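Subject: Structure handover

Hello,

Please find the structure below. My notes on it come after.

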Amino acid sequence: MQRTFYDQPLVHGLLRRASGRILKWRGWQFDGQLPPENKFIAVLAGHTSNWDLPIGLTVALHFRVRVFWIGKNSIFRPPFKGLMRWLGGIPLDRSNPGAIVRDMAAELARHDHFVLVIAPEGTRSKVDKWKTGFYRIAEAAEAPIVLAYLDYGRKVCGVGPTIYPSGDAEADIAEMQAFYDTVTGKHPDQ
């Protein structure tokens with residue numbers, strides 16, 4: 001995996017302290033606990049704003065967890081390509097969704113500690129149905145799915161329940177979506 005700000009202790013430490021203080025100053029609270037597993041998929045549903053990335057990274061810093069996240073190819077173009085990768089971004093090639101499932105499952109298998117953050121909607125726009133790549137990655141890697149959230153309505157960010165894929169994707173995803181019914185995105189209409 002590429003080098004990120006997590007690999008630079010001084011930068012990582014400064015970012016952790018500064019970003020946490022800024023969020024608390026803005027009225028945000030942190031909630032929940034990470035699961036005991038060192039490898040998991042963190043779902044961040046209700047993705048409606050570009051602000052989800054910096055706030056989400058702050059949540060990761062608060063919980064002292066190194067995360068990688070998947071984003072659409074277009075945000076990895078110059079001049080932002082280096083910055084997005086430094087922040088833990090992995091570009092998604094939407095023309096080959098099977099490759100991302102295979103590659104991310106392999107990354108989870110290759111590392112002792114690996115947290116992959118995915119927005120299951122696949123967009124900031126309103127969708128009727130989640131994409132299931134995150135679930136297929138979790139199944140292939142035999143990894144749990146952690147429900148992370150940014151509740152802009154209550155100004156609470158954190159970690160919710162952990163779901164262990166049962167093989168019944170429809171039932172498991174319905175359970176996850178029920179959790180997010182009470183979470184308000186930055187733009188709830190989306």
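The notes go from the whole chain to the sheet and then to one helix.

The model is predicted, so to speak of conventions: local features need pLDDT of at least 70, side-chain atom pairs count only at pLDDT 80 or more, and totals for chains, interfaces and linings use all residues. Residues are numbered from 1 along each chain as its sequence is written, and side-chain values use heavy atoms, with hydrogens and water left out.

Whole chain

The chain has six helices and seven strands; these are DSSP runs numbered from the N terminus, with helices being H or I of at least four residues and strands E of at least two. Read from the N terminus, the order of elements is α-β-β-α-β-α-β-α-β-α-β-β-α. The radius of gyration is 16 Å, which agrees with the value near 16 Å for a compact globule of 190 residues; it is taken over C-alpha atoms, and the globule rule is 2.2 Å times the number of residues to the power 0.38. Along the principal axes, the C-alpha trace spans about 40 × 35 × 35 Å.

Of the 190 residues, 44% are buried (under 20% relative accessible area, with a 1.4 Å probe and protein chains only). Taking contacts (heavy atoms within 4.5 Å) between residues at least 6 apart in sequence, 71% join residues at least 24 apart. The accessible surface is about 10,500 Å², and carbon and sulfur atoms hold 53% of that surface (Shrake-Rupley method, 1.4 Å probe).

The seven strands of an open sheet are ordered 1-7-6-2-5-3-4, and the pairing is mixed; two strands pair if DSSP finds at least two bridges between them. Strand 1 (29–31) and strand 4 (89–92) are the edges, each pairing on one side only. From one strand to the next the twist averages 25 degrees (axes are lines fitted to C-alpha atoms, for helices over the stretch in contact, and angles run from 0 to 180 degrees between N-to-C directions). Strand 3 (residues 67–72) and strand 5 (residues 114–118) run parallel and are joined by three bridges. Val67 stands opposite Val115 in strand 5.

Helix 4

Helix 4 (residues 97–110) packs on the sheet and touches strand 2 (39–44), strand 3, strand 4 and strand 5. The direction of helix 4 makes about 135 degrees with that of strand 2. Glu107 lies in helix 4 and is buried, at 9% relative accessible area. The side chains of Glu107 and Arg110 are joined by a polar contact of 2.4 Å (a pair of N or O atoms within 3.5 Å; within protein, one must be able to donate a hydrogen and the other to accept it, and residues adjacent in sequence count only if both atoms are side-chain atoms).

Regards

Methods: Buried means under 20% relative accessible area, exposed over 50%, partly exposed in between (1.4 Å probe, protein chains only).
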